[in-house]
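Me: I would like to learn how to read salt bridges and strand order in a model. Please go through them one at a time.

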Amino acid sequence: MHKVMIEVRINELAGRKDNKHVPWTAAEIAAAARDCASAGASIVHFHPRTADGAMTRDDNVYRDIVAALRQACDLLIHPTLLPYPSDSDADFRLEPITRLAADGLRPELTPVVLATTNLDSLDEAGRFRNEEMTFINTTGTTRRTVERLRELSVVPYADVWNVPTLRQLVTFARTGVWTRPVYMMFALMSEAHLFGHPGTAAGLRAYTDFLPDDVPLHWSPYFVGGNLLSLIPQIVAGRGHISIGLGDYPYRELGEPSNAEIVAEAVRQIRKCGADIATPAEARAAIGIPAHGMRGAA
Ligand code: ZN
């Protein structure tokens, strides 16, 4: 039976206006992650935030969060690298991970965005918010990032925003640059965010139609600004995984749920579709992370 890995996208840059359960501090993130682990998650993705919710790249905040997560649960840890300047090099981008590794807190996964694109998002009136904002990820920067992660014994988690970057990722895998099995996210985005596929059956199918037969891989969609639960039958049928949480969307359809309540609802719907849920140990094995081998000192 297919076992679905559930990644909880626990906070991103979300505020608390639409859902008060978005965790910001290390203690809040760890408590939410522990509850998500009990509900069926196997991976946690977080953004370091200050106590008032602002984004930060402070090493101490990263360290406090990862240390608290290690204490609280056995979820695989997937920290963001953002924010970094678009033209920064691989070493600068990976500084938070390098420091965590030096402190004996190496995470299992690190995101690598492959797309170079405009970051078009729309305000509530449907006007472009950022007419000049671009995100640049050259082929060379991506290759060096992946090579550096290999040196750090951290698995690169590809963040795929469109079919061309999926093709680039597959090429990296075929030429031995990218670790196999490839583990990737598929970006689905609401009408307010134009730089990923629409969060519809067709938007997801446009990715899965281009999956190669010759590269071992796992894929996991996330949906910025929309409800991903409705795509679960399609995800399970395609033997995919799921990345979901309050970071992407407040899920007011479920009341004002916590991250764990969203995970629990995903678990219920995945089981209804005839699949099972991967434990953190099973997720480690599937992604190719040795049991406990990624913990401890670098
Ligand atoms: Zn993120």
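Me: Is K3 buried, exposed or partly exposed?

Reply: This is a predicted model. A residue is called buried under 20% relative accessible area and exposed over 50%, with partly exposed in between. K3 has 33% relative accessibility, so K3 counts as partly exposed.

Me: Which residue forms a salt bridge with K3?

Reply: The partner is E282, with the closest N and O atoms 2.7 Å apart. K3 belongs to strand β1 and E282 to helix α10, 279 residues apart, and the pair links distant parts of the chain. E282 is also partly exposed, at 30%.

Me: How many salt bridges does the structure hold?

Reply: There are 18. Another one pairs D214 with R174, at 2.8 Å from N to O. D214 sits in the loop between α7 and β11 while R174 is in helix α6, so this pair ties together parts 40 residues apart in sequence. D214 has a relative accessible area of 42% and is partly exposed; R174, at 47%, is partly exposed as well.

Me: What separates E265 and R268 in helix α9?

Reply: They are three residues apart, which means about one helical turn. Their salt bridge has its closest N and O atoms 2.7 Å apart. E265 counts as buried at 17%, whereas R268 is partly exposed at 46%.

Me: Now the sheet. What is the order of its four strands?

Reply: The order is β4-β3-β2-β12, in an open sheet with parallel pairing. The edge strands, β4 and β12, each pair on one side only. Four bridges join β3 to β4, and F46 stands opposite P79 in β4.

How values were computed:
Residues are numbered from 1 along each chain as its sequence is written. This is a predicted model: local features need pLDDT of at least 70, side-chain atom pairs count only at pLDDT 80 or more; totals for chains, interfaces and linings use all residues. Side-chain values use heavy atoms; hydrogens and water are left out. Two strands pair if DSSP finds at least two bridges between them. Helices (H or I, at least four residues) and strands (E, at least two) are DSSP runs, numbered from the N terminus. A salt bridge is a side-chain nitrogen of Lys or Arg within 4 Å of a carboxyl oxygen of Asp or Glu. Buried means under 20% relative accessible area, exposed over 50%, partly exposed in between (1.4 Å probe, protein chains only).
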